[in-house]
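I opened this notebook to record which charged side chains pair with one another. The entries follow the order in which I looked things up.

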Amino acid sequence: MAEVINMPRLSDTMEEGTVAKWLKQVGDKVEEGDILAEIETDKATMEFESFHEGTLLHIGIPEGEGAPVDSLLAIVGEEGEDISGLLNGGAVTSEATSEPVEETATEAPAPSNAGTAEIPEGVEIVKMPRLSDTMEEGTVASWFKKVGDTVEEGDILAEIETDKATMEFESFYSGTLLYIGIQEGESSPVDAVLAVIGPEGTDVDAVLNAGSTAGKAQEASPEPVKEEKAAATTQEAASTTSNDGQRIFASPLAKKIAKEKGISLNEVKGSGEHGRIVKKDIENFVPAQKAAQPASTASAVASSAPVAPVNLPVGEESSEETKNSQMRKTIAKRLSESKFTAPHYYLGIEVDMDNAIASRVQINSLPDIKVSFNDMVVKACAMALKKHPQVNTSWKGDTTKYNHHIHVGVAVAVEDGLVVPVLKFTDQMSLTQIGASVKDLAGRAKNKKLTPAEMDGSTFTVSNLGMFGIQEFTSIINQPNSAILSVGAIIEKPVVKNGQIVVGNTMKLSLACDHRTVDGATGAQFLQTLRAYLENPVTMLA
C-alpha cells in the first residue's frame with residue numbers, strides 16, 4: 001500500500017523546509033534507510049532518510065522550492081499502484097467544504113443589492129477617500145460646506161488629515177449637501193460614510209438604511225460617541241461657532257494657534273476667501289479691553305489663597321490628554337513594525353570634516369550657490385550606494401529586492417512628528433540640485449503640502465540632528481529600506497594628526513542596518529566608502 005511522506009520537522013524551530021536536492025527520482029526503487037533528499041532547514045542542510053520500501057511514485061516538492069512542515073513531500077508504494085486518491089484527497093476535501101461557502105456567498109449579496117437599489121436616482125453616498133497608499137483612516141480637519149449648501153462638481157468639500165499630510169477633498173458630484181457623517185476633528189476608517197449629496201428634500205434616513213450592513217454599523221457608532229464627548233467638545237465648539245450659531249470658517253493651523261494663545265475665533269475677523277480665518281489673522285489679532293482682567297483675577301486669587309507652611313511645596317496636580325493625529329499614529333505603527341520585525345544592528349564612525357568645511361566655503365563663495373553639510377552627506381551616500389548595492393535593498397521574505405535606482409529619503413521634523421520626502425535618482429543630482437530640492441521639499445513638508453508621491457519610494461534614508469547640537473544617535477530603519485544613516489553635529493576638538501595634537505573638526509555617523517539583508521562587513525565597507533567621500537569632497541565632483 002502506498003505511503004505518504006510529509007515534509008519532516010528536522011529542527012525544533014523549523015517551520016518550513018526547502019528541497020535542496022533529490023537523490024531519488026520517480027520510478028526509482030527505495031529501500032528503508034536510503035537517502036531520499038537533502039532538505040534545507042532554518043539551521044542547516046540535512047539528509048532525509050526513507051522509512052519505507054517500494055517505488056518512488058510521486059515527488060510533491062521540486063528541487064529549489066520550499067513548503068511548510070507536514071506538506072506532501074513524496075509518495076512511496078508498489079510500482080503501477082493508483083495514487084490518484086492520495087493526490088486528490090486534499091482537493092476533494094476542499095471542494096466539499098467550499099460548497100456551503102459558495103451557497104452563502106450567492107445568497108448574501110441579495111439584501112445588499114436590494115438595499116442599494118432603494119437609493120434614489122441622483123443621490124450619492126460620499127465615502128472617506130484613501131488619499132495616500134498607507135492611509136487607513138482620516139480625520140476631517142475642516143468642512144467648507146454645511147448641510148443644506150449647494151455643491152458643484154469640483155467644489156472643495158473638506159480638508160482631510162491623512163497619516164502624511166492635510167489635503168483638500170473635492171466633490172465629484174453636484175447637488176445639495178444632505179448629510180455630514182464625520183464631524184470636524186473626528187476620525188473614521190477609509191470608506192466610512194463621509195457625506196450624502198443629492199436633490200434637496202431627499203429622505204436621508206432611507207438613503208443611509210439602503211447601504212450595506214457595514215455602512216449601517218459605521219453610521220450608528222458615532223452617535224453614542226458624540227453624546228459621550230459632548231461635554232469635552234463644548235469648548236472647541238464655542239471657538240468654531242459664532243454667537244449667532246453660524247459656523248466660523250478657519251484653517252486648521254489658525255484654530256491651533258488660536259487655541260494655544262487662548263483667542264476666541266468669535267473675536268477674529270477673517271481675511272481669507274469667504275471670510276475664512278487664516279494664520280496671519282490670529283498672529284495680527286489684538287484683544288480689546290481684556291488686558292487688565294487676568295492681572296486682577298490673579299491678584300484676587302493670590303489674596304484669597306491660604307498661606308502655606310514654610311518649605312512645603314504647594315500646587316495642584318494636573319494632566320492633559322490630547323488626541324493623537326493620524327501622522328503620529330502612523331509613525332508609531334510603522335516604526336514599531338520596523339523595530340520589532342527587522343533585526344537592527346548599528347555601526348559608527350567618526351569623520352574628519354576639515355576638508356569638507358574648506359570645500360563648502362569655496363563652493364558657497366560662488367554666486368547664487370548655497371550648499372549645506374547635509375547636502376554633502378546625501379550626495380556621498382548616493383555615490384556610496386552605487387558601490388555597495390547590497391545596502392540599497394529591501395527584504396521581501398522569500399526574496400531580496402535589489403534596487404538599481406537610488407532614491408534617498410531625507411527625514412524632516414514637522415509639527416506632528418516627521419515625514420521623509422524623497423530625492424529621486426539622487427546619484428544623478430549635483431550638490432546644488434540636492435540643496436535646492438531638500439530646501440523646497442522640507443519647506444512644503446512643514447506646511448503639509450507634500451504629495452504622497454513625493455514621500456514614496458525611498459531606497460535609503462538620512463536623518464540629521466546635527467543642527468540641534470546632537471553629537472551621536474541611532475535611528476529606526478525606514479521600511480522597506482535596509483539601512484538608515486544618523487548624522488551628528490560637527491564638533492571642534494583636539495585630534496591627533498601626524499603624531500601631533502591639533503585642533504580638528506569631526507562628525508559622528510551611525511548606520512542602522514537590517515541584518516536580514518546587510519551583513520556587518522557589508523555595512524562597514526559602505527561606511528568606509530562614505531568616509532572617503534566626505535573627507536575628500538573633491539572626489540564627489542570628479
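I looked up K508 and found it partly exposed, with a relative accessible area of 29%; this term covers the range between buried (under 20%) and exposed (over 50%), taken with a 1.4 Å probe on protein chains only. I note that the model is predicted, that local features need pLDDT of at least 70 and side-chain atom pairs pLDDT 80 or more, while totals for chains, interfaces and linings use all residues. Residues are numbered from 1 along each chain as its sequence is written, and side-chain values use heavy atoms, without hydrogens and water.

I then asked which side chain meets K508 in a salt bridge. The partner is E472, at 3.6 Å from N to O; a salt bridge requires a side-chain nitrogen of Lys or Arg within 4 Å of a carboxyl oxygen of Asp or Glu. K508 sits in strand β26 (residues 500-514) and E472 in the loop between β24 (460-464) and β25, so the pair ties together parts 36 residues apart in sequence. Strands (E, at least two residues) and helices (H or I, at least four) are DSSP runs, numbered from the N terminus. I recorded E472 as exposed, at 52%.

Next I examined D352, whose salt bridge with K497 has its closest N and O atoms 3.1 Å apart. The two lie 145 residues apart, D352 in strand β17 (residues 344-352) and K497 in strand β25 (residues 483-497). Both are partly exposed, D352 at 24% and K497 at 29%. I also found D354 linked with D352 and K497 in a network of salt bridges.
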